[in-house]
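Subject: Handing over the structure

Hi there,

Here is the structure I promised to pass on to you. Please open it alongside this email, and my notes follow below.

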Amino acid sequence: MLCLGCVEEFEPKINDFADFLVVEATISNEMKHQTIYLNRTFTFEDETAAPETNAQVRVIDDASNEYAFSESSPGTYTSLVPFQAQANMNYQLKIAMSNGSTYSSDNTSLPTGSALDSLYAERIVTDTGEEGMGIFIDNFDDQGQAKNYRYEYVETYKVVAPDWNAIGLENIPQPVCPRTVKVDRTRDERICYGTRVSNEIILASTESFDENRLSKFMVRFVNRDNYVLSHRYSILVRQHVQSNDAFSFYDRLKEFSSSESIFSETQPGFLEGNLHSDTARENNVLGYFNVTSVSEKRIFFDYDDFFPGEELPPYADPCQRSKPKVAAGHGPEPRCILASLVDLDLIRYVVDNEDYIGPQSDGGPFYVVPRVCGDCTVLGETKVPEFWIE
């Protein structure tokens, strides 16, 4: 019976790995330095994609204007000059690889834009019973030209380290174990600002609607137990108006990406976009050269605005206090526990251990917490964002 209950571990093996170029390219009607990303496909065993370096990237329009891009970081290419996509103009992306292969996109034009009407937040309970904050948009295009939308967001939030203390710990060299002493901290690491960028495909379309209107479309849900809501929260939502072809590509990409299992009936195969190899038919390229009209809005709110007088969400860490011993073991080379934690920057001082009388004590001389509980820079930056409003 025990043998019948065993399950043999399954290790999938990929025999034929296809090494393709992956292109993430969007230029918009915003006057700015445009950015294009080039990477390679990677296997299950790899953790991240390898950047495609030393490529020549340029965008050409109908008027023979050419916008060159330089590699600002591995795999990231930024236009040398700021420019914006113009209406009634076709654009084409050209990529020349260091190995001599070249790629081109189909001619792509800027779709008619539509301004994002309103962005707002509401306290809600989802259909699955989760309580939290829903971030919604309303949008209406009375001209009936803009029907396909893709949304991105950047959320920024205040982080307050719950166990911050103006006193820190420092090691002084000693023959056996360093001596750990209290010192004044030189940086105020109590309040920081964290940032998260959306990593999902958020699409909406009014193609099948009687009216070209989006009403209370939710672009983000934040569970009330998420620490990002604890103090002040801001979200910037960007609305991309897309062509039918671009919307179809992202819709199929979302379907493939959201498959519940790699063994489901929907298998992605090769997702063809509007980029093609100029030199060899077998040189497939994944991605899409997208030209979009962009509109954006930002909102702010405090936790108390929607949860007045209620308990704050749990912090990012339980922040359990401990009193690590100075050393463990005997002999000329004991394990220097407290000094090692300080050297590795893993802890922050809270208060003295008043019961400490020496090595024979139960614990060390200080109560400490994990670094994240007394140093907000683990979760964000101390510099106040330029757009921030209290």
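Let me begin with the charges over rings. The charged end of K216 is placed over the ring of F136, at 5.3 Å from its centre. R213 does something of this kind too: it lies over the face of F140, 4.1 Å from the ring centre. Please keep in mind throughout that this is a predicted model.

Strand 10 covers residues 131-140 and is joined to strand 16 by eight bridges, the two running antiparallel. Within this pairing, I137 has F217 of strand 16 opposite it. The sheet itself is open and has three strands in the order 9-10-16, paired antiparallel. Strand 9 (118-125) and strand 16 (213-223) are at the edges; each has a single partner strand, so one side of each has no neighbour in the sheet. On average, neighbouring strands here are turned by 30° against each other, ignoring direction.

Next, the aromatic residues. How many aromatic pairs are there? The count comes to 17. One of these is formed by Y157 and Y227: the ring centres are 5.9 Å apart and the planes stand at 90°, so this pair is edge-to-face. Y157 belongs to strand 11 (residues 148-160), while Y227 is in the loop between strand 16 and strand 17 (232-241), so the pair ties together parts that lie 70 residues apart in sequence. Are Y157 and Y227 buried or exposed? Both of them are buried.

F249 and Y250 also make an edge-to-face aromatic pair, with 5.5 Å from centre to centre and 90° between the planes. Here too, F249 and Y250 are both buried.

Finally, a serine to look up. S79 is found in strand 5, which spans residues 76-79. Its relative accessibility is 3%, and because buried means under 20%, S79 counts as buried. Which residues is S79 in contact with, leaving aside its neighbours within four places in sequence? They are K32, H33, Q34, A68 and F69.

Happy browsing, and do write back with any questions.

Best wishes

Methods:
Residues numbered from 1 in each chain as written. Predicted model: local features only at pLDDT ≥ 70, side-chain atom pairs only at ≥ 80, totals over all residues. Heavy atoms only, no water. Pairing = 2+ DSSP bridges. Helix = DSSP H or I, 4+ residues; strand = E, 2+ residues; numbered from the N terminus. Axes fitted to C-alpha atoms, helices over the stretch in contact; angles between N-to-C directions. Buried < 20%, exposed > 50% of the residue type's maximum accessible area, 1.4 Å probe, protein only. Contact = heavy atoms within 4.5 Å. Phe/Tyr/Trp six-rings, centres within 6.5 Å; stacked < 30°, edge-to-face > 60°. Lys NZ or Arg CZ within 6 Å of the ring centre and 35° of its normal.
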